[in-house]
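Here is a friendly walk through one model, from its domains to its helix packing and its chain contact. Please keep the viewer open as you read.

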Amino acid sequence: MKRLSRFRRHKAAAPLLLTFALLGIGGTFSVASATTANETSAVERSTLIEEGRQIFLKGCSSCHGLNAEGVSIAPSLIGVGAASVDFQVGTGRMPMADMSTQAMRKAPVYDEEEVAALAAYVASLAPGPEIPGMELLNFERDGSTAEGGELFRNNCAMCHNFAGQGGALTQGKYAPTVMGVLPKHIYEAMVTGPQAMPVFNDKTITPEEKLSIIKWIKSAEAEPNLGGASLGRVGPVTEGLLAWTLGLGLLIGVAVWLATKAK
Amino acid sequence: MTVEAKLGQVANYVDERTGAAAFLKKSLKKVFPDHWSFLLGEVALYSFVILLLSGTFLTFWFDPSMREVVYEGSYQPLEGVKMSAAYASALHISFEVRGGLLMRQIHHWAALIFMAAIVAHLLRVFFTGAFRKPREGNWIIGVGLLTLGIVEGFLGYSLPDDLLSGTGIRIAEAIIQAIPVVGSYLSYFAFGGVFPGELFIPRIYIVHVLLLPGAFLALITVHLMLVWYQKHTQYPGPGRTEKNVVGYPLMPMYMAKAGGFFFIVFGVTAFLGAVASINPIWLYGPYTPAQISAGSQPDWYMGWLDGLVRMAPPIETYFFGYTISWNILIPGLIIPGILFTGMALYPFIESWITGDKREHHLLDRPRNAPNRTALGAMSLTFMLVTLINGGNDLIATHFDLSINQIMWGTRIGVFVLPPLAFIITKRLCLSLQRADRELVLHGRETGRLLRMPSGEFVEVHEPISPEKAFILTSHEQMPALDLPAVDARGVKRAGALKNKLRARLSKANAEAIPKVSADDLKEIESH
């Protein structure tokens, strides 16, 4: 003790003590709360499921049926899993605004807790893909951008375009842009294959590869437009439009000016 | 010794040895008429010069090889990816060479503007009838330049070997293969084996940087020499005849203007290259035959061709163990073949219809040749409909439409809209002729109302200027060809069917609102 007390006026003493104290409190709290969570999880879960059921009955059952069994206009949700609910409701696709060909991304109707409750309810009906946890989604650590780009071009670009800007499918369906989507939702989309999208299970694309794809998407999203205005990153159509309008337009304007000045 | 005297000595030295003075004296005074639409061809010429300069810059670093390399450049998202040396060097130009990306973008923008200017120039020549005798040959050279431009542009688009390039080459391969009987052999010949092989990029590179630019230079030279020799056409106006050219001398007026205009064209392409991204190859990634991107389109000048292929119904026939892919053959080869042959032969077709074999140096106002103008509008409509279908996927996503609806819309539209455009344009031309006649006879509506003593209101008309009246009445209206089925002795003439067709076309072609004659004016002045 005496030896330690010699350092009590050391300039590193206060910060060190503070760190120990914080770690101690945090550690105790997490252990304590984890035990309580374990103890009460069954109870909490059942209340969560009940909450979800109530939301479901109000907001979803008119199309999906009272027991999520599905009717002619909407599919059964038994076995779609929490991931599917989290994606569809979390991105605002569900509930649909109208009966159009495809549900589009919009501002979510339900908040995070409500989405969690709905997901818990649907997951309780039958097992299905789960919502990926934050630990799993560490794409910055576990993903590789270059590999993700390769995977994206192999599996995704044919519908979502080379830069993830989206593209057209048949009969008014479309592959939406993947820009500005939460990593969690990208992951869930790959796992559950919403709407026209196929399912990419863990055998087709492993979880690490999925993270690489997410990492590449996030890198493309953050990448500044290196060559100037991006023109939508959709290829030669907008380029041709600009060449005719601004390019030739300016030059014809100059030509008219040159010819009138001569008079 | 003064500067002038020194210059004179030098000039004299050159003249004594080359006799250039007499040539220059004559040439520098050569007169060119002035009109903005005459500068469209110049835009094409200057873009070509820009293409040569920026293209040369790019060749310093571009490696036209399909050898596989591992990318180790500064663009992180592709690090360690296997790619062709061609693609890697295109990335190197974009990211490591100083000014490389700007030059690449200038080169590509200049190519798009080059083609746009060629098309705009061609439309001007067509709609004003500048292709008539003696310029039919130059028209054909022009069509040749347009065709070469399409091929040259496509090769340039294919060279970087990115995902989009490769997709384009794949479609070109499909079109080659669709040629009956020899298709697959030609494809093996072009690619030196199975697609994509290792030979194609080096081959098209030498075609892109040597063969076609050489052909361009030769054809452009002949094109310009013919303009020089045949003299430039001019719009009708007082004092302008078939035998003179009214305008300004080459020196100093046009030298200054043309020189300045070159730098403006360079400025506009450099501006676009600096502010607008074009073909961001690093986003596309390297080409592998297994990959494709949604919304893969060619550059605009081939968009119509892509649109035609996209709208073709999937029809194939099999016989004697061979497949004929009509769905590629018809839109990819037969229709473009008919269109370009028809375009090249048009001057001869028109002169056959009108029977007009005289020289023309005065241009037509498009309304005074309703049939030709309508035909042009019809062709343009066809091109636009097919071009729209070339971008059908982007139109579908950006305007909330179904790609199938657009495809069916253009499938029907490509048959219905061009004839409709023909009819509407012809009626519009005739209406404009009527308006011209009205204008000459009754003058310009001033918008001033006059109240007569009787209380009646009339609008005051003002006679138009004599210059304007001249422009509105100076064109000639050719009567239709008289091609009787039997000759003077009552004997049926040879080629009855052909003559019947010719007479019909000629009659349709000669349809016009009679222009104001001197008698008409006298009559109107008398009351």
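## Domains of chain B

Chain B splits into domain 1 (33-235 + 243-290) and domain 2 (426-526), with bounds that come from an automatic or database domain assignment. The C-alpha centres of domain 1 of chain B and domain 2 of chain B are 45 Å apart.

A word on conventions: this is a predicted model, in which local features need pLDDT of at least 70 and side-chain atom pairs count only at pLDDT 80 or more, while totals for chains, interfaces and linings use all residues. Residues are numbered from 1 along each chain as its sequence is written, and chains are lettered from A and ligands numbered from 1 in the order in which they are written.

Helices here are DSSP runs (H or I, at least four residues), as are strands (E, at least two), numbered from the N terminus. Axes are lines fitted to C-alpha atoms, for helices over the stretch in contact, and angles run from 0 to 180 degrees between N-to-C directions.

Take α6 (residues 136-158) and α13 (residues 326-354) of chain B: they pack at about 165 degrees, with their axes 8 Å apart. α6(B) and α13(B) are therefore roughly antiparallel (angles over 145 degrees). Their crossing is right-handed (the near helix is turned clockwise from the far one by less than a right angle). On the α6(B) side, B:E136, B:W139, B:I140, B:V143 and B:T147 meet B:F340, B:M343, B:A344, B:P347 and B:F348 of α13(B); contact means C-beta atoms, placed from the backbone, within 7 Å. By class, this contact has 8 nonpolar, 1 polar and 1 charged residues. Ala, Val, Leu, Ile, Met, Phe, Trp, Tyr, Cys and Pro count as nonpolar, Asp, Glu, Lys and Arg as charged, and the others, Gly among them, as polar.

The pair α14 (residues 370-390) and α16 (residues 403-442) of chain B packs at about 160 degrees, with axes 8 Å apart. α14(B) passes α16(B) in a right-handed crossing, and their contact has 18 nonpolar, 8 polar and 1 charged residues.

## Where chain A meets chain B

The contact takes 50 residues from chain A and 57 residues from chain B. On the chain A side, α11(A) gives the largest share, 16 residues. That side divides into 28 nonpolar, 18 polar and 4 charged residues.

Helix α7 (residues 145-155) of chain A has 8 of its 11 residues buried (20 or more other C-beta atoms within 10 Å of a residue's own). Among them are A:L151 and A:F152. The buried residues of α7(A) pack against α8 (157-160) and α10 (207-222) of chain A, together with α7 (163-177) of chain B.

Terms used
Buried ≥ 20, exposed ≤ 12 C-beta atoms within 10 Å, placed from the backbone. Contact = placed C-beta atoms within 7 Å. Parallel < 35°, antiparallel > 145°, perpendicular 65-115°, else oblique.
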